[in-house]
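This report describes a single protein chain.

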Amino acid sequence: MGEYARGTVDYGCHQRVMPRYDHDMKRFLALLLLGYSAATLAGAAPITQRSVELERAQISYRERGQGRPVVFVHALLLDSRLWLDQLDGVCDTRRCLAPDLSGHGYSSPSTQTKIDMQRYADELVAFLDATKVREADFVGLSAGGNIAAIVCARQPQRCRSLTLISTVLGSANLDAAGIRYRAENARTVVIEGKDTLFRRFNEYIVAPEAPLIARARYKTMLGQTPYETLVAFLTTSDTPSTADLPPKLTMPVMIPVGQGDTVLTPAMARKIAATFPSGRVIELASAGRLLPLEAPTQLNDALQKFWLELDNGGKKP
């Protein structure tokens, strides 16, 4: 998708084409009064780039739409552009917010030398407070799912539902071989550049059938992640276990999984879903780990059906 400048950008979310009445302003105004509600007009509003000042960082975020809030949490080393197709596809009925975590996107650089999931969870809670989000549906990819899960476990009253994409809850500690491999990647990316890291990640991060545009946006986000963030990510060898979270997450949990995901396979997703009091798995064909980029229409449909069921008190639409 390329780079997007700050400010207001229009991506055409369900825009309504106004009928032609020979430029008759009176009839046009009458049509507005009779047929078009404020909510309908808001559905055509563009993505807006905003920022909020938190205690530790300035957080940039993308927002679009009106209605029940949905908070999208990107994977580490990516940013809120991961969710552009979701902000485009579900904003007609939802207030969509997609923050850039510190050290990513347009948010403040991070001075942390190691990745701290709890600190990112603190940041997400502060972001919710700053944007006046009392309750939301949360969607997270990979580590973004871990961060969202930590927040939902801490403050379950703020989480109506949780959608986890290619997220493994448990111990993230690496063995000695894994530590050496990541340390090698950290050194390589600093000395040789980010293209080397992209080529390595590209081998498994998306399915072979992934469209070129999905790989392009992934490369854009990875390429614009600060080197300091890359090194912090690649040299963090241990993080607090999240294995105790599933029993605490009593809200409905959906796990969409690509049939081509080699990191979290459909079989693994079903095992993880069984650990939640109310978990379910949705399989999406011909997609790998980056479902928001590889299968945006399928993912948007799954999200909307999930949320509509909750809107209807648990009854499937």
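S286 sits in the loop that joins β9 (279-284) to α11 (291-294). The phi angle of S286 is positive, about 55 degrees, although S286 is not a glycine. With a relative accessibility of 49%, S286 counts as partly exposed. The model that gives these values is a predicted one.

**Overall make-up**

The chain has 317 residues, and 51% of them count as buried. Its secondary structure consists of 12 helices and nine strands. Among contacts with a separation of 6 or more, 75% are between residues 24 or more positions apart.

**Nonpolar cores**

The largest nonpolar core contains 45 residues. L76, L124, F127, F138, L162, L249 and F276 have the most contacts inside this core. Two or more residues each are contributed by the strands β3 (58-64), β4 (68-73), β6 (136-141), β7 (159-165) and β8 (253-258), and by the helices α4 (117-130), α5 (143-154) and α10 (266-273). The largest share, eight residues, is that of α5.

L124 illustrates how parts of the chain meet. Setting aside residues up to four places away in sequence, L124 touches V71, V73, P99, F138, I147, A148 and V151. Another core, of 44 residues, lies apart from the one described above, and its members include W83, A210, L234 and M254.

**Helix contacts**

Two packed helices are described by the angle between their axes and the distance between the axes.

| Helix pair | Angle between axes | Axis distance |
|---|---|---|
| α4 and α5 | about 65 degrees | 9 Å |
| α6 (176-192) and α7 | about 140 degrees | 7 Å |
| α7 (194-205) and α8 (212-223) | roughly 140 degrees | within 10 Å |

How are α4 and α5 oriented to each other? At their angle of about 65 degrees, α4 and α5 are roughly perpendicular to each other. Their crossing is right-handed. On the α4 side, the contact is made by M117, Q118, Y120, A121, D122, L124, V125 and L128, and on the α5 side by A143, I147, A148, I150, V151 and R154. By class, the residues of this contact are 11 nonpolar, one polar and two charged.

The pair α6 and α7 is oblique. From α6, the residues Y181, E184, N185, T188, V189 and E192 meet K194, T196, L197 and R200 of α7. The contact of α6 with α7 has three nonpolar, three polar and four charged residues.

The helices α7 and α8 are likewise described as oblique to each other, and α7 passes α8 in a right-handed crossing. In α7, the residues K194, D195, L197, F198, F201, N202 and I205 meet R215, Y218, K219, L222 and G223 of α8. Six nonpolar, two polar and four charged residues make up the contact of α7 with α8. K194 and L197 of α7 take part in the contact with α6 and also in the contact with α8.

**Further loop positions**

L77 belongs to the loop between β4 and α3. Is L77 buried or exposed? L77 is buried, with a relative accessible area of 3%. The phi of L77 is near 80 degrees, a positive value in a residue other than glycine.

D92 is in the loop that runs between α3 (84-89) and β5 (94-99). Its relative accessible area is 30%, so D92 is partly exposed. The C-alpha atom of D92 is separated by 8.3 Å from that of G67, and the two residues are 25 residues apart along the chain.

I115 lies in the loop between β5 and α4. With a relative accessible area of 11%, I115 is buried. Which residues does I115 contact, leaving aside its neighbours within four places in sequence? They are L76, Y120, A232, F233, T236 and T239. Of these contacts, L76 is listed among the residues with the most contacts inside the largest core, and Y120 is one of the α4 residues in the contact with α5.

Definitions and conventions:
Residues are numbered from 1 along each chain as its sequence is written. This is a predicted model: local features need pLDDT of at least 70, side-chain atom pairs count only at pLDDT 80 or more; totals for chains, interfaces and linings use all residues. Side-chain values use heavy atoms; hydrogens and water are left out. Axes are lines fitted to C-alpha atoms, for helices over the stretch in contact, and angles run from 0 to 180 degrees between N-to-C directions. Helices (H or I, at least four residues) and strands (E, at least two) are DSSP runs, numbered from the N terminus. Angles under 35 degrees count as roughly parallel, over 145 as roughly antiparallel, 65 to 115 as roughly perpendicular and the rest as oblique. A crossing is left-handed if the near helix is turned anticlockwise from the far one by less than a right angle, and right-handed if clockwise. Contact means heavy atoms within 4.5 Å. Ala, Val, Leu, Ile, Met, Phe, Trp, Tyr, Cys and Pro count as nonpolar, Asp, Glu, Lys and Arg as charged, and the others, Gly among them, as polar. A nonpolar core is a set of buried Ala, Val, Leu, Ile, Met, Phe, Trp, Tyr and Cys residues joined through side-chain atoms within 4.5 Å. Buried means under 20% relative accessible area, exposed over 50%, partly exposed in between (1.4 Å probe, protein chains only).
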